[in-house]
Amino acid sequence: MIYVTGDCHGDFQKFSTKRFPEQKELTKNDYVIICGDFGGVWNYGEESNNEKYWLDWLNDKPFTTLFVDGNHENFDRLYDYPKTTWNGGKIHKIRPFIHHLMRGEVFTINDKKIFTFGGASSHDIQDGILDMTEEDRIYLYRKTGRYFRIKNFSWWERELPTEEEMKNGLKNLQKINFNVDYIISHCAPTSIQLLLDSHFKSDVLTNYHQKMQNELKFKKWFFGHYHMDKAVNAEFICVYNDIIPLV
């Protein structure tokens, strides 16, 4: 069985048995896929005690946790985890049963072909991205409730894909004639994003997804990022708090 859910931001309480009772019937050969902003790898520099507790807690669940990256991840640390091949695609292995599904990869999971591509533009940086050396400005911005992030501390350029990652996605899709069962991403294609909120701006990644939308054959496309549970139409489903079976 495969389930899909949305952003966690390091809070995994929705995977408690009380809130997700279906897990009682699951095994490690069943999967929960998080559509970005996993947030379990976030602390600056190294794994904190709090992170260790929750990652170990999640790893001990009866199912296996999979996730694509969002824009709120510590990419410096995330990309330092061991990289290996799993079910046909490349992953970062966070724990034995917690895997980061890398961008532009195609995985075969329970006989389903799943294309994954994480990342998104941050929308909480209206007041800018500061350098860690700007201590006085950071203090002022925090005191006055500004919307800002700190480079390589709470914001990373790698929130958006490299040219190499986008080419990798196209190359892997060409191998299977652009035909998959499901797509898992963090942000949506440009046209779908505009249906959710006309204020969102397009970027290199939403435009890339738009190209994929036009070229790919797929059953459903699941994404997070927008903090809502909403089926845009029969094919595009935005997930946040819900944990839904992938059908």
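Let me begin with a question: is Met132 buried, partly exposed or exposed? The structure on the screen is a predicted model, in which local features need pLDDT of at least 70 and side-chain atom pairs count only at pLDDT 80 or more, while totals for chains, interfaces and linings use all residues. Residues are numbered from 1 along each chain as its sequence is written, and side-chain values use heavy atoms, with hydrogens and water left out.

To the answer, then. Met132 is partly exposed, its relative accessible area being 34%. On the scale used here, buried means under 20% relative accessible area, exposed means over 50%, and partly exposed lies in between, with a 1.4 Å probe and protein chains only. Met132 sits in the loop between strand 9 (129-130) and helix 3 (135-143). Helices (H or I, at least four residues) and strands (E, at least two) are DSSP runs, numbered from the N terminus. Together with Tyr44 and Phe153, Met132 forms a nonpolar surface patch with about 270 Å² of accessible area. Such patches are made of residues with over 30% relative accessible area and no salt bridge; like charges are joined within 9 Å, and nonpolar side chains (Val, Leu, Ile, Met, Phe, Trp, Tyr) within 5 Å. The areas come from the Shrake-Rupley method with a 1.4 Å probe, and for residues only the protein chains shown count as cover.

Seven strands make up an open sheet with mixed pairing, in the order 4-5-6-3-2-1-15. Strand 4 and strand 15 (244-245) are at its edges, each with a single partner strand, so one side of each has no neighbour in the sheet. For pairing, DSSP must find at least two bridges between two strands.

Trp86 stands opposite Gly89 of strand 5. These two strands form a hairpin with two residues between them, and Asn87 in the turn has a positive phi of about 50°. Elsewhere in this sheet, strand 1 (residues 2-5) pairs with strand 2 (residues 31-35) in the parallel sense over four bridges, and Thr5 stands opposite Ile34 of strand 2. Helix 1 lies across strand 3 (64-68), strand 5 and strand 6, at about 115° to strand 5. Contact here means heavy atoms within 4.5 Å. Axes are lines fitted to C-alpha atoms, for helices over the stretch in contact, and angles run from 0 to 180 degrees between N-to-C directions.

There is also an open sheet of six strands, again with mixed pairing, in the order 7-8-11-12-14-13. Its edges are strand 7 (105-109) and strand 13 (230-231), each with a single partner strand, so one side of each is without a neighbour in the sheet. Why can strand 7 be called largely enclosed by the rest of the structure? Because four of its five residues are buried. Strand 7 pairs with strand 8 in the antiparallel sense over five bridges, with Phe107 opposite Ile114. They too form a hairpin with two residues between them, and Asn110 in the turn has a positive phi of about 50°. Helix 6 (residues 204-215) lies across strand 8 (112-117), strand 11 (182-185), strand 12 (220-223) and strand 14, at about 155° to strand 8.

Finally, the charged pairs. A salt bridge is a side-chain nitrogen of Lys or Arg within 4 Å of a carboxyl oxygen of Asp or Glu, and the count by this rule is 11. One of them joins Asp56 and Lys52 at 2.8 Å, N to O. These two residues are four apart in helix 1 (residues 49-59), and are thus separated by about one helical turn. Asp76 and Arg158 meet in another, at 2.5 Å, N to O. That pair links distant parts of the chain, with Asp76 in helix 2 (residues 75-78) and Arg158 in the loop between strand 10 (149-150) and helix 4 (163-175), 82 residues apart.

Glu165 forms a salt bridge with Arg103, the closest N and O atoms being 3.1 Å apart. Both Glu165 and Arg103 are buried. Lastly, salt bridges that share partners join Glu47, Lys52, Asp56 and Arg95 into one network.
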